[in-house]
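This report covers selected strands and helices of one model. Please look at the sequence and structure first.

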Amino acid sequence: MDALFAKADALDASDPLRSFRDAFALRDGLIYLDGNSLGAMPKRTPARMDHTIQQEWREGLITSWNAADWVNAPRRIGDKIAPIIGAGEGEVVVTDSTSINIFKALTAALSLQPERSILLTETTNFPTDHYMMQGITAFSGGRIETRSAAPEEVLDHLSDDVAVLLLTHVHYKTGQMRDMAAVTAKAQEHGVLVVWDLSHSAGAVELALNAANVDFAVGCGYKFLNGGPGAPAFLFAAKRHHEAMPVLAGWFGHARPFAFEEEYEAADNIERFLCGTPGILGMAALEEGVELMLRADMGEVRRKSAALGDLFIECMDGWAAEHGFTLVSPRDAAERGSHVSYSHAEGYAIMQALKASDVIGDFREPDVMRFGLTPLYLSYRDMVEAAARLRSICENREWDKPEYKERAAVT
């Protein structure tokens, strides 16, 4: 491993993003490879939260909706996320959860396609994407049909009956990354609108939604945007679709919320995708994470993400197969998002043993171990050290303990 450590140290010495680690509250010795599930806390977040609680809420009380600009937080933070995902001003709003935003985006797209009745996705997509589609189908009484096809075959199922194609840009298990522009273009050739789930993309890989002519997109704020557990999500709608009508019509989506009119009239902009009152404490934490992300060059973020993954795979190649590991992520970084995954029959227990050695990744059923690559606070040396600790655990069978095999509520 000496040569790999030397290679990592050389890469760290020339890393233009190396100073960002100091902006995060991470204890010494921890190698955190789960930022694709929950990002680390920026050091500035507690002070921002304290100010929001003590000054804006405690002292300002309800006057802070205007004085502290709480009322515009969904639009303001959405405009800050826009350049991170390649969107324009007024096309992104921060609101609700990813699941709810998927529902809103799907129903908005359906409102633009009243003559079509099929929602299409791929098998193995993240479950909430399937569940939201199935819920729409059930509520429609069967008028709307949900279909899913194998990932490699889903585009072959595009037809003139399909209203919306819902796909995840970076697959949550394998890290497989789709060609957004090519897929969007192919769908639109059939008159199909596309909703992209960016949960494992935003803040980790370069995105260009408008350049790819994307219709709708959603994403979460608690992964690579480092907004904290349960952080608000975001929704993108291209300006050409701002006449679409999501089914959920709440008072913050009204053209005049404080007119308190009984009949709904949607706002004529991205704000029609709002629903209820925004959660200001979550918004405050997310804004700190987004502002930190804006300081980084996304081109450098993506280059480092790819290089971190390449180095980790290189570290695993010499020994992993003989210990039962199979790489399930693309080896080619151009096809891989910002996590590397391996399957292993004892993956859950091995991951628990790895956490006990201060390397935190995660596990996805039935046998997938995920290692998230967060360029702002991971070093190249972290990759080599993580692989070295994993190898030691396997060679010494440290994972083979009853306490490591008992499933916890969150894996």
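## Basis of the model

The model is predicted: local features need pLDDT of at least 70, side-chain atom pairs count only at pLDDT 80 or more, and totals for chains, interfaces and linings use all residues. Residues are numbered from 1 along each chain as its sequence is written, and side-chain values use heavy atoms, with hydrogens and water left out.

## The sheet around S10

Leu327 sits opposite Tyr342 of S10. Strand S9 (residues 326–327) is joined to S10 by 2 bridges, and the two run antiparallel. Helices (H or I, at least four residues) and strands (E, at least two) are DSSP runs, numbered from the N terminus; two strands pair if DSSP finds at least two bridges between them. S10 also pairs with strand S13 (residues 368–372), in the antiparallel sense over 5 bridges. There, Ser341 has Arg370 of S13 as its bridge partner.

S13 is in turn joined to S12 by 3 bridges, again antiparallel, with Arg364 opposite Val368 of S13. In general, strands of a sheet pair through backbone hydrogen bonds, either parallel or antiparallel.

How many residues of S10 are buried? In strand S10 (residues 339–343), 5 of 5 residues are buried, where buried means under 20% relative accessible area, exposed over 50%, and partly exposed in between (1.4 Å probe, protein chains only). Both faces are covered: His339, Ser341 and Ser343 lie on one side, Val340 and Tyr342 on the other.

Axes are lines fitted to C-alpha atoms, for helices over the stretch in contact, and angles run from 0 to 180 degrees between N-to-C directions.

## Strand S8 and its partners

Strand S8 (residues 234–237) has Phe234 and Phe236 pointing one way and Leu235 and Ala237 the other, and all are buried. Strand S2 (residues 92–94) is joined to S8 by 3 antiparallel bridges, and Val93 has Leu235 as its bridge partner. Strand S7 (residues 216–219) pairs with S8 over 4 bridges, also antiparallel; here Phe216 is partnered by Ala237.

## Two helix pairs

The axes of helix H1 (residues 2–13) and helix H9 (residues 298–317) come within 11 Å and cross at roughly 175°. H1 is therefore roughly antiparallel to H9; angles under 35 degrees count as roughly parallel, over 145 as roughly antiparallel, 65 to 115 as roughly perpendicular and the rest as oblique. Leu4, Lys7 and Ala8 of H1 meet Leu311, Glu314 and Cys315 of H9, contact meaning heavy atoms within 4.5 Å. By class, these residues are 4 nonpolar, no polar and 2 charged. Ala, Val, Leu, Ile, Met, Phe, Trp, Tyr, Cys and Pro count as nonpolar, Asp, Glu, Lys and Arg as charged, and the others, Gly among them, as polar.

Helix H5 (residues 98–111) and helix H6 (residues 127–139) pack at about 45°, with their axes 9 Å apart, so H5 is oblique to H6. Ser99, Ile102, Phe103, Leu106, Thr107 and Leu110 of H5 meet Thr128, Asp129, Met132, Met133 and Ile136 of H6. This contact has 7 nonpolar, 3 polar and 1 charged residues.
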